[in-house]
Amino acid sequence: MPTKTKAKAKTKTKQPTIFIQIASYRDPQLLPTLRDCIAKAKHPGQLRFGICWQHDEQESLEEFAKDDRFRIIDVPYLESKGTCWARNGIQQLYKGETYTLQLDSHHRFIQDWDKTLIDMTEQLRKKGHKKPLLTGYIPSFDPDNDPAARVQTPWKMNFDRFIPEGAVFFLPASIDDFKERTEPVPARFYSAHFCFTDGIFCKEVPHDPEYYFHGEEISIAARAYTWGYDLFHPHKVVIWHEYTRKGRPKQWDDDKQWVDRNNKCHLKNRKLFEMDGEKRDVDFGPYGFGKVRSLRDYERYSGLCFKKRGVQQYVLDHHYAPNPAVFKTEKAFEDSCLKIFKHCVDIRYEQVPEKDYDFWCVAFKDKDGKDLYRRDADKEEINRMFNDPDKYCKVWREFHTEELPSSWIVWPHSLEKGWADPITGQLNHNVVS
């Protein structure tokens with residue numbers, strides 16, 4: 001008599017969950033963002049939302065109030081303490097989800113964006129990256145011309161400059177060969193408006209609530225790397241971000257304490273990286289560096305040297321990380337990092353009312369008032385500045401210097417009236433609270 005065998009029961013694979021972090025400040029794009037996020041997900045039932053809803057009396061989240069996927073921190077906008085404070089609060093809502101996605105409150109999504117990001121992450125994990133992290137300044141969209149204005153080329157993040165207060169700024173750039181690429185590209189830097197990685201990131205690399213705005217992204221990049229995360233930019237367009245937020249209030253427009261918060265943030269960031277002679281003499285606790293890699297490991301990977309505000313030419317040439325590890329000593333590495341000062345002097349149109357400027361003297365000075373660098377603006381540059389859509393003149397200068405300038409001067413010259421009054425400003429490298 002034949003032996004009967006029991007049919008194996010089919011096991012249903014449980015879909016992973018995604019904890020979506022969104023800090024929203026008086027943003028009418030929050031609801032369209034949430035609707036599109038859910039509508040375009042392959043598995044919308046696996047999404048979990050943590051929202052710090054900093055709102056005025058006209059806003060409503062009633063649409064999602066009874067949705068058990070949502071965890072909402074309700075904050076009247078005048079009680080907000082800034083972006084990083086809001087993001088830190090959201091991370092306290094994490095409940096062990098498989099992945100996390102950090103966004104702003106103004107985004108649009110491709111179809112099946114959730115599956116696409118998970119597939120990219122697991123592809124990197126199979127190649128040996130234990131803790132892959134996808135991030136970047138993602139392509140833009142315009143709510144007033146959507147979807148026609150969506151940029152269809154994926155972006156990466158390039159180094160821009162150390163600002164006078166010490167934080168590192170970045171610029172988006174296209175991944176021009178994205179059609180030939182089959183996997184994400186290595187990244188040096190982190191974007192707070194798009195990050196997808198393992199959910200435990202919320203616990204391991206939480207946002208420091210005492211940071212205000214600038215310094216947030218470079219500190220998270222370095223801290224994530226020292227916790228063992230490998231950073232990548234997606235090689236496909238997955239999500240779009242609105243960059244302009246035209247005519248909408250920012251948190252610092254409403255916060256009378258924002259200058260104090262901002263100064264404290266810059267000082268704390270310089271202490272974290274021990275820049276400009278500052279020492280790490282405060283307890284950073286969970287907001288410090290990890291133990292898997294050192295800060296120097298991140299510097300060698302990224303091509304930055306924080307204590308001298310230096311950057312390697314390899315980075316300035318926009319090559320992908322990691323930087324070549326060819327320096328056998330610490331001094332050789334530090335010597336390879338150029339001290340590049342890049343700054344934009346903003347001049348209001350009403351400060352330069354004449355119509356016949358032939359040149360402007362533009363100089364940066366040391367602490368004793370002596371010229372460190374001078375490059376004047378000619379008539380062609382002046383005309384370009386008067387056609388800026390932001391309606392003020394942006395005088396950009398970039399130069400190599402071992403000594404940081406302390407002040408700047410712009411001294412306009414008119415063909416008819418001669419020399420105008422000089423316009424001057426201080427560079428507050430060491431702002432303290």
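The protein chain carries 11 helices and 23 strands, counted as DSSP runs (H or I of at least four residues for helices, E of at least two for strands) and numbered from the N terminus. Keep in mind that this is a predicted model, where local features need pLDDT of at least 70, side-chain atom pairs count only at pLDDT 80 or more, and totals for chains, interfaces and linings use all residues. Residues are numbered from 1 along each chain as its sequence is written, and side-chain values use heavy atoms, with hydrogens and water left out.

Now for the overall build. The C-alpha trace spans about 110 × 60 × 45 Å along its principal axes. Of the 433 residues, 55% are buried, meaning under 20% relative accessible area with a 1.4 Å probe, protein chains only. Take contacts (heavy atoms within 4.5 Å) between residues at least 6 apart in sequence: 73% of them join residues at least 24 apart.

On to the inside. In soluble globular proteins, nonpolar side chains tend to be buried together. Here the largest nonpolar core has 39 residues; such a core is a set of buried Ala, Val, Leu, Ile, Met, Phe, Trp, Tyr and Cys residues joined through side-chain atoms within 4.5 Å. Elements giving it two or more residues include strand E7 (155-162) and helix H7 (258-273), while H5 supplies the largest share, 6 residues. Tyr190 is among the residues with the most contacts inside this core. Beyond its neighbours within four places in sequence, Tyr190 touches residues including Met157, Phe170, Phe201 and Ile220. Apart from this core lies another, of 35 residues, with Leu30 and Val238 among them.

Definitions and conventions
Buried means under 20% relative accessible area, exposed over 50%, partly exposed in between (1.4 Å probe, protein chains only).
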